Amino acid sequence: MSARSLIDRISTTRTMARLARTAPDTGVEPSTVVVLPLDERTRTSPVAAATAIIADAILPHPVAVIDLDGAAQPMRGLLGSPEAGDLVGLSVSVEAGQGRRAVEDFVDMNATVPLASTWIRGAGALPPETVRDGVWRLKRRFPSVIIDVPVTVPPETIAHATSLATHVVLVTDQHGVAHDWLHSGQSLLSGLARAGRITVAVIGGTEKDRTRCPHGDIVPLGDALTSTYDKGRMALTATTPGLLAPVYELTTRAFTRR
């Protein structure tokens, strides 16, 4: 897919188009992509937002985003969501557990990509059980979900979100490119890495980082993604073509089952 055709797909993906979509065909598996920081230096939210925008444009079924930082809620600014969306309410809603359309009452459908976060007047940490039940209900309406997990999220919630992942995107910078330890350990992440279900997104990375990696799981994103979107709503347009190719590669890796 060319940069121009991808931009056109993004620009025409709006609320009415989303509402017209149905659940995926039998041969299409839903996915839960979890975006994690590999260390405390890196920000996950711009990567998660860009991946969600591309996924929403190219996947044949509904996509939604979960922001697990219930206090700062960084995805709200990036996806243009002022206050709607209530993951806590969704996690306990009887109606959302019975009817797919009822899920939309707890999601900001007017965001760039439908977003579930904490209610802005009741912001706070999200416990594991809220994530578990919220994801289950959300995926009844949105089969593919991107979960943003910044460094501020409690460890037990991070562990639970990771256990739900069909693919994990680990965000790092050039100081964290070496990750042989990830493939040799015994943790959940190590198991996912050996199964080809982890992608290491390197902010500021280059093609040299990719070629030096013996595991074939690096996608270099350059540094424009985080430097361009420090504040405000993210928009991938004709003026940002250099971002589209690496984010498109990252997205297709994350949503392709191996």
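Select Thr44 first. At 3% relative accessibility, Thr44 counts as buried (under 20% relative accessible area; exposed is over 50%, partly exposed in between; 1.4 Å probe, protein chains only). Thr44 sits in the loop between E1 and H3 (helices are DSSP runs of H or I, at least four residues, and strands are runs of E, at least two, numbered from the N terminus).

This is a predicted model: local features need pLDDT of at least 70, side-chain atom pairs count only at pLDDT 80 or more, and totals for chains, interfaces and linings use all residues. Residues are numbered from 1 along each chain as its sequence is written, and side-chain values use heavy atoms, without hydrogens and water.

Now show Asp148. Its side chain makes a polar contact with the side chain of Thr44 at 2.7 Å (a pair of N or O atoms within 3.5 Å; within protein, one must be able to donate a hydrogen and the other to accept it, and residues adjacent in sequence count only if both atoms are side-chain atoms). Beyond neighbours within four places in sequence, Thr44 is in contact with residues including Val35, Pro150 and Val171 (heavy atoms within 4.5 Å).

Next, colour the strands. The open sheet has seven, in the order E3-E2-E4-E1-E5-E6-E7, with parallel pairing (strands pair if DSSP finds at least two bridges between them). E3 (115-116) and E7 (218-222) stand at the edges with a single partner strand each, so one side of each has no neighbour in the sheet.

Zoom to E1 (residues 32-37) and E5 (residues 167-173), a parallel pair over five bridges. Val34 has Val168 in E5 as its bridge partner.

Finish at Ser91, in helix H5 (residues 87-92). At 5% relative accessibility, Ser91 counts as buried.
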